[in-house]
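Subject: Structure handover

Hello,

Please find the structure below, with the sequence alongside. My notes on what turned up follow it.

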Amino acid sequence: MLFNTHTHLNSEQLFENRDLYIQNAIDRGVKYFTVVGYDLESSRLAVQIAHEYDFIYAAVGISPNDCKETTDEDLEAIEALAKDPKVVAVGEIGLDYYWDEASKEKQIDCFKKQLEIAKRLSLPVTIHARDAYEDTFDILSKSGVKGIMHCYSGSYEMALRFIKIGYYISLAGPVTFKNAKVPKRVAEGVDLNYLLVETDDPYLTPAPYRGKQNEPGNVYFVAQKIAELKGLSYEEVAKQTTENALEVFQLKK
Ligand SMILES: [Zn+2]
């Protein structure tokens with residue numbers, strides 16, 4: 001069994017045919033999903049999908065690439081959504097200096113305000129960070145909030161620093177890419193007790209389907225690659241990453 005900790009069944013590409021993609025994922029052994037919002041509308045859809053299926057949960061938040069026009073009312077709406085019992089995290093939130101859609105100041109402001117929401121509601125966070133690991137680390141270490149480094153693409157050394165302040169490292173399709181040395185090093189080096197698996201669909205499709213539209217069932221290939229890199233059985237990786245996800249999302253009975 002697998003826990004896909006980051007899928008966008010709420011995206012334009014996947015939403016309409018979500019029942020099909022969910023069934024495909026179940027056929028690949030996926031038992032639980034977290035559908036992650038990136039703006040207000042997608043956060044609402046994430047909660048909607050989580051109410052359609054027992055085994056699907058939601059994360060709500062405004063991503064650094066979608067925060068350019070974000071108002072305090074939008075953040076209040078996110079906080080109201082985050083109180084839904086199927087919401088297990090605030091996210092995806094963070095910093096993205098690669099796309100640079102909103103100014104640094106605006107990104108940091110939106111990030112910090114959503115960390116406060118997570119703190120008030122005692123929820124973990126799902127972090128999107130790109131070309132901004134130092135600032136992200138700095139803000140997270142001061143916030144005291146814990147959670148997930150989603151689709152982690154930083155160095156192995158940086159991963160250890162995030163783990164130290166209470167973060168799990170979530171790997172996606174790139175770990176299966178032929179030339180992706182850094183995520184492979186992370187998969188090899190990071191203790192299985194701190195790893196999670198995800199797809200971040202509809203993009204970043206893992207090998208052997210790279211180039212096609214991604215869907216949540218492809219998380220199977222991510223877990224498979226981690227097992228291969230670590231020299232462990234697929235079952236062991238599936239079991240432990242699922243345990244880790246249940247732990248971080250506070251779903252353990
Ligand atoms: Zn995402």
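C110 is buried, at a relative accessible area of 4%; buried means under 20% relative accessible area, exposed over 50%, and partly exposed in between (1.4 Å probe, protein chains only). Before going further, the conventions: this is a predicted model, in which local features need pLDDT of at least 70 and side-chain atom pairs count only at pLDDT 80 or more, while totals for chains, interfaces and linings use all residues. Residues are numbered from 1 along each chain as its sequence is written, and side-chain values use heavy atoms, with hydrogens and water left out.

Cysteines

The structure holds zero disulfides, a disulfide being a pair of cysteine sulfur atoms within 2.5 Å. C110 is in none, and the nearest cysteine sulfur to it, that of C67, is 4.5 Å away. C151 is in no disulfide either, with the sulfur of C67 again the nearest cysteine sulfur, at 19 Å. C151 counts as buried because its relative accessible area is 15%.

The loop at A102

C67 also turns up in the surroundings of A102, which touches P64, C67, K68 and Q107, not counting residues up to four places away in sequence. Contact here means heavy atoms within 4.5 Å. A102 is found in the loop between β4 and α4 (104–121). Helices (H or I, at least four residues) and strands (E, at least two) are DSSP runs, numbered from the N terminus. With a relative accessible area of 3%, A102 is buried. The C-alpha atoms of A102 and N65 are 6.5 Å apart, although 37 residues separate the two along the chain.

Strand β1 (residues 2–7) pairs with β2 in the parallel sense over four bridges; two strands pair if DSSP finds at least two bridges between them. F3 has Y32 as its bridge partner in β2, and L2 has V30. From β1 the chain passes through helix α1 (residues 18–27) to β2, a right-handed β-α-β crossover. Right-handed means that, with the strands pointing away from the viewer, the path from the first strand over the helix to the second runs clockwise.

On β2 there are also four bridges to strand β3 (residues 56–60), and these two strands run parallel. T34 stands opposite Y57 in β3. β2, helix α2 (residues 40–52) and β3 make a right-handed β-α-β unit.

How much of these strands is covered? In β1, six of its six residues are buried. In β2 (residues 30–36), six of its seven residues are buried.

Helix α2

α2 has 13 residues and reaches 19 Å from its first C-alpha to its last, close to the 18 Å expected at 1.5 Å a residue. The expected span of a helix is 1.5 Å times one less than its number of residues. D39 caps the N-terminal end of α2, with a side-chain oxygen 3.4 Å from the backbone nitrogen of E41. The buried residues of α2 are L40, S42, S43, L45, A46, V47, I49 and A50. They pack against α1, β2, β3, α3 (72–82) and β4 (87–96).

Helix α9

Helix α9 (residues 234–248) has 15 residues and spans 21 Å between its first and last C-alpha, close to the 21 Å expected at 1.5 Å a residue. Its buried residues include Y234, V237, A238, T241 and T242, along with N244, A245, L246 and V248. Among the elements covering the buried residues of α9 are β1, β2, β6 (147–149), β7 (167–171), β8 (195–197) and α8 (219–230). Just after α9, Q250 takes a positive phi of about 60°.

S143 in helix α5

S143 lies in helix α5 (residues 133–143). S143 counts as buried because its relative accessibility is 12%. Its side chain reaches the backbone oxygen of L140 at 3.0 Å. A polar contact is a pair of N or O atoms within 3.5 Å; within protein, one must be able to donate a hydrogen and the other to accept it, and residues adjacent in sequence count only if both atoms are side-chain atoms. Leaving aside neighbours within four places in sequence, S143 is in contact with L115 and K119.

Regards
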